[in-house]
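This report describes one protein chain. The sequence and structure come first, followed by the terms and the computed values.

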Amino acid sequence: MARALELARAAACLGEVPVGAVAVKEGRILGEAFNRREVDNDPLAHAEVLALRAAATALGAWRLTGVTLYVTLEPCAMCAGALVQSRLTRLVYGAVDPKAGAVGSLYDLARDERHNHRVEVVSGIRAEECAALLKTFFRALRRPATKTTE
(Lines give C-alpha, C1' and ligand atoms only; values in the text may rest on other atoms or scores of the structure.)
Protein backbone atom coordinates (compact mmCIF):
# COMPACT_ATOMS: atom_id res chain seq x y z
CA MET A 1 0.00 0.00 0.00
CA ALA A 2 2.97 2.30 0.58
CA ARG A 3 3.81 2.21 -3.13
CA ALA A 4 0.17 2.81 -4.09
CA LEU A 5 0.17 5.91 -1.86
CA GLU A 6 3.36 7.18 -3.55
CA LEU A 7 1.66 6.75 -6.92
CA ALA A 8 -1.46 8.54 -5.68
CA ARG A 9 0.69 11.50 -4.60
CA ALA A 10 2.27 11.57 -8.07
CA ALA A 11 -1.22 11.69 -9.59
CA ALA A 12 -2.16 14.65 -7.42
CA CYS A 13 0.92 16.56 -8.63
CA LEU A 14 -0.44 16.20 -12.18
CA GLY A 15 -3.92 17.38 -11.19
CA GLU A 16 -5.34 13.85 -11.27
CA VAL A 17 -7.58 12.45 -8.55
CA PRO A 18 -4.98 10.86 -6.26
CA VAL A 19 -5.53 7.14 -6.64
CA GLY A 20 -2.68 4.67 -6.98
CA ALA A 21 -2.72 0.94 -7.70
CA VAL A 22 -0.09 -1.80 -7.59
CA ALA A 23 -0.51 -5.37 -8.87
CA VAL A 24 1.67 -7.95 -7.11
CA LYS A 25 2.23 -11.68 -7.53
CA GLU A 26 4.51 -13.71 -5.28
CA GLY A 27 6.12 -10.53 -3.95
CA ARG A 28 6.90 -9.14 -7.42
CA ILE A 29 5.31 -5.97 -8.77
CA LEU A 30 3.76 -6.76 -12.14
CA GLY A 31 2.10 -3.44 -12.78
CA GLU A 32 1.53 -0.11 -11.13
CA ALA A 33 -0.30 3.03 -12.11
CA PHE A 34 -2.10 6.14 -10.99
CA ASN A 35 -5.17 7.84 -12.41
CA ARG A 36 -4.45 9.36 -15.83
CA ARG A 37 -7.88 10.45 -17.06
CA GLU A 38 -6.95 14.14 -17.32
CA VAL A 39 -3.44 13.60 -18.67
CA ASP A 40 -4.52 11.05 -21.31
CA ASN A 41 -8.04 12.42 -21.96
CA ASP A 42 -9.21 8.87 -21.38
CA PRO A 43 -12.31 8.11 -19.29
CA LEU A 44 -11.06 4.55 -18.76
CA ALA A 45 -7.62 5.54 -17.43
CA HIS A 46 -8.32 4.66 -13.80
CA ALA A 47 -5.34 3.46 -11.76
CA GLU A 48 -6.83 -0.01 -11.30
CA VAL A 49 -7.45 -0.62 -15.02
CA LEU A 50 -3.97 0.59 -15.95
CA ALA A 51 -2.30 -1.56 -13.29
CA LEU A 52 -4.32 -4.63 -14.33
CA ARG A 53 -3.35 -4.06 -17.97
CA ALA A 54 0.33 -3.79 -17.05
CA ALA A 55 0.11 -6.96 -14.93
CA ALA A 56 -1.52 -8.89 -17.79
CA THR A 57 1.23 -7.74 -20.13
CA ALA A 58 3.92 -8.77 -17.63
CA LEU A 59 2.34 -12.21 -17.23
CA GLY A 60 1.52 -12.63 -20.89
CA ALA A 61 -2.02 -13.66 -19.89
CA TRP A 62 -5.29 -11.89 -19.21
CA ARG A 63 -6.15 -14.17 -16.27
CA LEU A 64 -4.61 -12.61 -13.19
CA THR A 65 -4.85 -15.68 -10.98
CA GLY A 66 -2.63 -15.33 -7.93
CA VAL A 67 -2.38 -11.54 -8.29
CA THR A 68 -3.21 -9.07 -5.52
CA LEU A 69 -4.13 -5.50 -6.41
CA TYR A 70 -3.40 -2.82 -3.81
CA VAL A 71 -5.35 0.39 -4.40
CA THR A 72 -5.77 3.51 -2.29
CA LEU A 73 -9.51 3.92 -2.92
CA GLU A 74 -12.38 1.47 -3.16
CA PRO A 75 -12.87 0.69 -6.86
CA CYS A 76 -15.80 2.07 -8.86
CA ALA A 77 -18.21 -0.14 -10.82
CA MET A 78 -16.04 -0.11 -13.95
CA CYS A 79 -12.91 -1.10 -12.04
CA ALA A 80 -14.72 -3.68 -9.91
CA GLY A 81 -16.00 -5.26 -13.11
CA ALA A 82 -12.45 -5.34 -14.46
CA LEU A 83 -11.29 -7.12 -11.28
CA VAL A 84 -13.87 -9.85 -11.83
CA GLN A 85 -13.25 -10.11 -15.58
CA SER A 86 -9.47 -10.39 -15.07
CA ARG A 87 -9.95 -13.20 -12.53
CA LEU A 88 -7.95 -11.22 -9.96
CA THR A 89 -7.43 -13.28 -6.82
CA ARG A 90 -7.31 -10.55 -4.18
CA LEU A 91 -8.04 -6.84 -3.75
CA VAL A 92 -6.63 -4.77 -0.90
CA TYR A 93 -7.88 -1.20 -0.70
CA GLY A 94 -7.55 1.76 1.64
CA ALA A 95 -10.33 4.34 1.78
CA VAL A 96 -13.99 3.56 1.19
CA ASP A 97 -15.81 5.53 -1.49
CA PRO A 98 -19.38 6.15 -0.29
CA LYS A 99 -20.28 8.00 -3.52
CA ALA A 100 -19.00 5.55 -6.14
CA GLY A 101 -17.56 2.48 -4.39
CA ALA A 102 -18.56 -0.83 -5.93
CA VAL A 103 -16.73 -3.22 -3.59
CA GLY A 104 -18.90 -2.82 -0.52
CA SER A 105 -20.20 0.75 -0.38
CA LEU A 106 -22.85 1.14 -3.11
CA TYR A 107 -22.48 -2.32 -4.64
CA ASP A 108 -20.33 -5.36 -4.08
CA LEU A 109 -19.53 -6.47 -7.60
CA ALA A 110 -16.26 -8.18 -6.67
CA ARG A 111 -17.98 -10.65 -4.33
CA ASP A 112 -21.35 -11.02 -6.00
CA GLU A 113 -22.21 -14.72 -5.99
CA ARG A 114 -23.97 -14.41 -9.36
CA HIS A 115 -20.60 -13.95 -11.08
CA ASN A 116 -18.53 -16.93 -12.16
CA HIS A 117 -15.54 -15.45 -10.29
CA ARG A 118 -15.32 -13.68 -6.97
CA VAL A 119 -12.44 -11.60 -5.62
CA GLU A 120 -11.17 -11.86 -2.06
CA VAL A 121 -11.38 -8.36 -0.54
CA VAL A 122 -9.48 -6.73 2.31
CA SER A 123 -10.47 -3.13 3.06
CA GLY A 124 -9.39 -0.32 5.33
CA ILE A 125 -5.62 -0.71 4.96
CA ARG A 126 -4.06 2.69 5.76
CA ALA A 127 -7.56 4.07 5.25
CA GLU A 128 -7.03 7.34 7.11
CA GLU A 129 -3.91 8.16 5.12
CA CYS A 130 -5.61 7.30 1.82
CA ALA A 131 -8.71 9.34 2.71
CA ALA A 132 -6.65 12.32 3.90
CA LEU A 133 -4.84 12.47 0.56
CA LEU A 134 -8.17 12.62 -1.28
CA LYS A 135 -9.67 15.17 1.11
CA THR A 136 -6.65 17.46 0.77
CA PHE A 137 -6.78 17.22 -3.02
CA PHE A 138 -10.49 18.04 -3.27
CA ARG A 139 -10.26 20.79 -0.65
CA ALA A 140 -7.56 22.47 -2.76
CA LEU A 141 -9.74 22.18 -5.89
CA ARG A 142 -12.64 23.92 -4.14
CA ARG A 143 -10.44 26.70 -2.75
CA PRO A 144 -10.81 29.84 -4.90
CA ALA A 145 -7.63 31.03 -6.56
CA THR A 146 -6.09 33.90 -4.67
CA LYS A 147 -5.36 37.10 -6.56
CA THR A 148 -2.04 38.77 -6.15
CA THR A 149 -1.87 42.55 -6.11
CA GLU A 150 1.13 44.50 -7.25
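## Salt bridges

A salt bridge is a side-chain nitrogen of Lys or Arg within 4 Å of a carboxyl oxygen of Asp or Glu. The model is a predicted one, in which local features need pLDDT of at least 70 and side-chain atom pairs count only at pLDDT 80 or more, while totals for chains, interfaces and linings use all residues. Residues are numbered from 1 along each chain as its sequence is written, and side-chain values use heavy atoms, with hydrogens and water left out.

The structure holds eight salt bridges. One of them pairs Arg3 with Glu32, with 2.6 Å between the closest N and O atoms. This pair links distant parts of the chain, since Arg3 belongs to helix 1 and Glu32 to strand 2 (residues 28-34), 29 residues apart. Helices (H or I, at least four residues) and strands (E, at least two) are DSSP runs numbered from the N terminus. Arg3 counts as partly exposed because its relative accessibility is 34%, and Glu32 is likewise partly exposed, at 32%. The classes are buried (under 20% relative accessible area), exposed (over 50%) and partly exposed (in between), with a 1.4 Å probe and protein chains only.

Arg111 and Asp108 also meet in a salt bridge, at 2.9 Å from N to O. Arg111 is partly exposed at 35% relative accessibility, and Asp108 is partly exposed at 29%. Another salt bridge joins the side chains of Arg126 and Glu129, at 2.8 Å from N to O. Salt bridges with shared partners join Arg3, Glu6 and Glu32 into one network.

## Overall fold and size

The chain has five helices and five strands. Read from the N terminus, its elements run α-β-β-α-α-β-α-β-β-α. Helix 1 spans residues 2-13 and includes Ala2, a residue that is partly exposed at 40% relative accessibility.

Along the principal axes, the C-alpha atoms fill a box of roughly 65 × 30 × 25 Å. Of the 150 residues, 43% are buried.

## Positive phi values

Most residues other than glycine have a negative phi. In Glu26, phi is positive, near 50 degrees. Glu26 sits in the loop between strand 1 (20-25) and strand 2, and is exposed at 75% relative accessibility.

Asn41 also has a positive phi near 50 degrees. Its place is in the loop between helix 2 (37-40) and helix 3 (47-59). At 68% relative accessibility, Asn41 counts as exposed.

## A positive surface patch

Lys99, Lys135, Arg139, Arg142 and Arg143 form a positive surface patch. Patches are made of residues with over 30% relative accessible area and no salt bridge; like charges are joined within 9 Å, and nonpolar side chains (Val, Leu, Ile, Met, Phe, Trp, Tyr) within 5 Å. Lys and Arg count as positive and Asp and Glu as negative, with His and the chain ends not counted. A charge is placed at NZ of Lys, CZ of Arg, CG of Asp or CD of Glu. Accessible areas come from the Shrake-Rupley method with a 1.4 Å probe, and for residues only the protein chains shown count as cover.
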